[in-house]
Amino acid sequence: MKPAIINVSLTKKLNNLSYPIFVGNNLLSNSEKIIKPFVQNRKVILIHDNFFSLEKKNNHDFVNFVKIIQHLSETVNFIGIPGGDKTKNISQLNFILEKSLSFKISRDSLIIAFGGGVIGDIAGFAASILLRGLDYIQIPTTLLSQVDSSVGGKTGINSSEGKNLIGSFHQPIAVIADINMLKTLSKREFLAGMVEIIKYGLIKDVNFFNYLEKNYQEILNYDQSMLKNIICMSCNIKSDIIEKDEKENGERALLNLGHTFGHAIESYGKYDGTIVHGEAVSVGICLAFKLSNIMGFCSQVETIRVINLLKNLKLPTSLNDINISITTAKMLDKFRYDKKNKNNQLTFILNEGIGKSFIKSNMDISVLTKFLDEEI
Ligand SMILES: NC(=O)c1ccc[n+]([C@@H]2O[C@H](COP(=O)([O-])OP(=O)(O)OC[C@H]3O[C@@H](n4cnc5c(N)ncnc54)[C@H](O)[C@@H]3O)[C@@H](O)[C@H]2O)c1
């Protein structure tokens, strides 16, 4: 299967920046041609999820990829860190920064982030501040990171006050999404990635949602061409939005559908793996649709269709499903740190039906309080 190449082109004030997203099967074991222009004769810091190592027998693609970059680059230094949101913290960031500097890096050194969204976010953030900014490549290895976090340049870590509150915008120079990497992914993590894919249909493309509704069983059976198709569709929708609004001054906020509720739920779980990001967003999307419904923006039929697709995928659709109890007051408190808020007013992403999200600013607190009192 030939790789698909999606080009993300961002027009910045000072320089034009564009980068390719390669999507395909067996890309990493055969990555010489793709990776050569980016790594040739550079010092590489490979920041990888500890799930991958040269010693383990179950990750040929990682081993083959390392051999290729060792052959092409000046040197390769390794930094292994655990996956999972607990890793996205200031002390792990400090560890990465100090360790990278100990390798005597220079401005033309290259960081490669090899892992899921957690590795991509923290490694990308480190790349953005080391020596005031190094190039980095994203090699996303979870479904969620292939369709979402590796594209768009949002990098960062969590704070005890909330999710992703410390970070920067720093675009990668390339993204390589190898579908083969998904073979070792747990069903739970695969499903978490499906949530972000469904999100794209809900935000912007009703036909994509219909396609997912019709074909979810084949997708769950890892149908290779369907997987490639839905990863490409997702990256296309995301890059379209980012090209217009890199720094989230407008339309990019739509990508946050379900995330205002989701982030509040996640920070309640203390990032200990009780609930993973995609699951929190799944519950968040259901709450956003229910809220859209009671505020008169979206029909009940469409709300039920969304909830049913997530249920069919065995994803949580309510707080009851994930055994987290949060009071209305505590939930409201978490919303106050949402980065979409302006002038102390809460902002939500709501829907006027499937395929049409919109930004609702100045959210009426009494409506929200009544909704939460009834829902959670
Ligand atoms: N930057 C963005 O725009 C953006 C967008 C969406 C989500 N995110 C962030 O992404 C994170 C979630 O990403 P994630 O779900 O990939 O989390 P993750 O990186 O923690 O990966 C999930 C789990 O899968 C394991 N894993 C990774 N690749 C594997 C593979 N190929 N086979 C088997 N196991 C593998 C990891 O070790 C981990 O246990 C959250 O922190 C979220 O905030 C960022």
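Student: How does the radius of gyration of the protein chain fit that of a compact globule?

Tutor: This is a predicted model, so start with its overall form. A compact globule of 376 residues would have a radius of gyration near 21 Å. The protein chain has 20 Å, which agrees. Along the principal axes, the C-alpha atoms fill a box of roughly 60 × 40 × 40 Å.

Student: How many helices and strands does the protein chain have?

Tutor: The count is 13 helices and eleven strands.

Student: What share of the residues is buried?

Tutor: Use the cut-off: buried means under 20% relative accessible area, and exposed means over 50%. In the protein chain, 59% of the 376 residues count as buried.

Student: What share of the contacts joins residues at least 24 apart?

Tutor: Take contacts between residues at least 6 apart in sequence. Of these, 74% join residues at least 24 apart.

Student: How many positive and negative side chains are there?

Tutor: There are 43 positive and 37 negative side chains in the protein chain. The centres of the two sets lie 3 Å apart.

Student: Now a single helix. Which residues of helix 12 are buried?

Tutor: General idea first. An α-helix has 3.6 residues a turn, so residues three or four places apart point the same way. Now the case here. Helix 12 covers residues 328-335, and its buried residues are Thr328, Met331, Leu332 and Phe335. These four cover an arc of only 100° around the axis, which puts them on the same side of helix 12.

Student: Take helix 9, then. Is serine 267 buried or exposed?

Tutor: Serine 267 sits in helix 9. Its relative accessibility is 8%, so serine 267 counts as buried. Setting aside neighbours within four places in sequence, serine 267 is in contact with Gly162 and Lys334. Compare a distance along the chain with one in space: serine 267 and serine 128 are 139 residues apart in sequence and 25 Å apart, C-alpha to C-alpha.

Student: Where is lysine 339?

Tutor: Look in the loop between helix 12 and strand 10. Lysine 339 has a relative accessible area of 53%, so it is exposed. Beyond neighbours within four places in sequence, lysine 339 is in contact with Lys163, Asn164 and Leu165. From lysine 339 to isoleucine 173 is 166 residues along the chain, and their C-alpha atoms are separated by 26 Å.

Student: What does isoleucine 137 contact?

Tutor: First place the residue. Isoleucine 137 lies in strand 6, which runs over residues 135-140. Its relative accessible area is 0%, so isoleucine 137 is buried. Leaving out neighbours within four places in sequence, its contacts are Ile35, Phe38, Leu110, Ile111, Ile112, Ala113, Ile173 and Ala174. Asparagine 50 is 87 residues away from isoleucine 137 along the chain, with 18 Å between the C-alpha atoms.

Student: Is isoleucine 179, in a loop, buried or exposed?

Tutor: Isoleucine 179 has a relative accessible area of 2%, so it is buried. It touches Gly24, Asn25, Gln146, Gln224, Leu227, Lys228 and Ile231, not counting residues up to four places away in sequence. Take one of these, isoleucine 231. It is 52 residues from isoleucine 179 along the chain, and the C-alpha atoms are separated by 9.0 Å.

Student: What is the phi of arginine 132?

Tutor: Arginine 132 has a positive phi of about 65°, although it is not a glycine. This residue lies in the loop between helix 4 (117-129) and strand 6. At 75% relative accessibility, arginine 132 counts as exposed.

Student: And what is the phi of lysine 314?

Tutor: Positive, at about 60°, and lysine 314 is not a glycine. Find lysine 314 in the loop between helix 11 (300-312) and helix 12. With a relative accessible area of 71%, lysine 314 is exposed.

How values were computed:
Residues numbered from 1 in each chain as written. Predicted model: local features only at pLDDT ≥ 70, side-chain atom pairs only at ≥ 80, totals over all residues. Heavy atoms only, no water. Helix = DSSP H or I, 4+ residues; strand = E, 2+ residues; numbered from the N terminus. Rg over C-alpha atoms; globule rule 2.2 N^0.38 Å. Buried < 20%, exposed > 50% of the residue type's maximum accessible area, 1.4 Å probe, protein only. Contact = heavy atoms within 4.5 Å. Lys, Arg positive; Asp, Glu negative; His and termini not counted. Charge placed at Lys NZ, Arg CZ, Asp CG, Glu CD. Arc of directions from axis to C-beta.
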